[in-house]
Amino acid sequence: MYKKLQRIELLIIDLAEKNQCFGRLDDGMSVFVQGTVAVGDRVEAEIIKIKKQYLVARLTRILTPAETRTDPICSYFGTCGGCKWQHMQYSEQLRLKQKQVQDALHHIGGCKDIICEPCIAAQNTFNYRNKVDFSFTDLRYLTEEEMAQPEDQLSKPVDFALGFHAPGRFAKAIDIDHCHLATPAMNQILNLVRSFCLEHKDELPIYSTRTHTGELRNLVIRHSGHTHELMVNLVTTSHQANLMKLLRDRLLAEIGTELTTFVNSTTSAKNTVAFGEKEFVMHGNGSITDRLGTYTYQISPNSFFQTNTAQAEVLYQQILNAAQLKPTDTVYDLFCGTGSITLFASTHCHKVLGIEWVESSVKDAQANAELNNVKNCQFIQLDMKALQSIESECALFGAPDVVITDPPRAGMHPKAIEILREWAPPIIIYVSCNPASLARDSALLCENQQYRLINCTPVDLFPQTNHVESIARFERL
Ligand SMILES: C[S@@+](CC[C@H](N)C(=O)[O-])C[C@H]1O[C@@H](n2cnc3c(N)ncnc32)[C@H](O)[C@@H]1O
């Protein structure tokens, strides 16, 4: 009989859902362990939940560390939700990413025979992000040591934070002054903006998700991987012109000409998503450019662009390898964002139709085709749920020989899958940033043996995190 708070010892043998790890007791009982654990660790844990088939326990002590452990370099590791895997050697991260995709395809997708390719490694495992999205909150996340101290002895205010949310704590953020995934210039801007906002705390109060009052919401910084252009996008509730001019002058004085553009986006939304309804361009032209392969891309504040430039080039090359396009092929690029995959595909096929719902992304995609003198691409702004509504446009464009689909984390809407199955293109290349939704959608595509999953290659765009991209090739049977 197990008891709550009882201490148990076990070997961690696998990852499990919800960021837990898995092991078994000598009697065969399954245990899900919460805490920063690595596969191969022998741990002591305290039981917090008892079910018939399994126990949930909280890590209390590492008894013997796994050989694949390494020392995290970040002082926020363990608290910040960003880099959950910094305590694992990179080769182990890659092994687990491959396994994660394969397990999902086997268990959720029912694709029992598939053996995923090894996960393609990134060259840079730190400082690789070209975009970082910091949140403002009026509830700073306090460490256990800080909680034990009287408030007036804390080195930072409790009602101001600019950084990342602690896992599962959407109202609270850790006040961060250095992120190892960001570039040095991004970290410098983070600290400049923090100082400015603290100096103007009364005029620029932090937006509260509880009362829906206040101004400061997000700080989004983009630093293009190849061109080194810098965009600062401060998201607020309203546009305070004089303060934004002061901030612009401060940023220009400290950062200099490397700061290509500064935008103040405003939103009235009652959420914390960094998506501006209006944009006030305070410096530059409101967008930056970056390069992927031989293509140049214009990127606006609200537009999607892969956050790891170097690995996006690897990803896109793998997409082309998987698609094996022919010069006669008509290709559809669903969820095309700023047209990055569309342009990559355009040189290898007859023509490409890109579909995307964010207006600024579609405009960027059109501008990018022009900028790169690409003449065989067209773009349509549409919510993918409504694919059926553009039947006549699709008929005019021509039936697809290959569909490339790159949905957000949630995967494809069932209605979009239904239409895809009606179109029945011979080849579908599914690019996914979430193994679980890839696996769910694989099962739908393969229903009644309409498609077969041929291969799947995971690509690591997010070292130190548990996220992974994968490219799956489906062929119509
Ligand atoms: C993972 S990104 C892929 C972007 C692009 N393929 C690339 O590699 O840069 C997903 C894209 O889907 C778009 N999107 C999300 N939901 C959508 C929907 N319901 N209909 C159409 N596009 C959507 C997002 O705006 C984003 O640009």
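In this predicted model, seven strands form an open sheet with mixed pairing. Their order is E8-E7-E6-E9-E10-E11-E12. Strand E8 (169-175) and strand E12 (278-283) stand at the edges. Each has a single partner strand, so one side of each is left without a neighbour in the sheet. On average, neighbouring strands of this sheet are turned by 35° against each other, with direction ignored.

Helix H3 (residues 184-199) packs on this sheet. The helix touches strand E6 (131-137), strand E7 (161-166), E9 and E10. The direction of H3 makes about 155° with that of E9.

Within the sheet, strand E9 (residues 216-223) and strand E10 (residues 230-236) run antiparallel. The two are joined by 7 bridges. Strands of a sheet pair through backbone hydrogen bonds, in either a parallel or an antiparallel arrangement.

Further pairings involve strand E4 (residues 42-50). E4 runs antiparallel to strand E1 (residues 7-15), and 5 bridges join the two. Here isoleucine 8 stands opposite alanine 45 in E4. E4 also pairs with strand E5 (residues 54-64), again in antiparallel fashion, through 8 bridges. Arginine 42 has threonine 64 as its bridge partner in E5.

Terms used
Residues are numbered from 1 along each chain as its sequence is written. This is a predicted model: local features need pLDDT of at least 70, side-chain atom pairs count only at pLDDT 80 or more; totals for chains, interfaces and linings use all residues. Two strands pair if DSSP finds at least two bridges between them. Helices (H or I, at least four residues) and strands (E, at least two) are DSSP runs, numbered from the N terminus. Axes are lines fitted to C-alpha atoms, for helices over the stretch in contact, and angles run from 0 to 180 degrees between N-to-C directions. Two residues are in contact if their C-beta atoms, placed from the backbone, lie within 7 Å.
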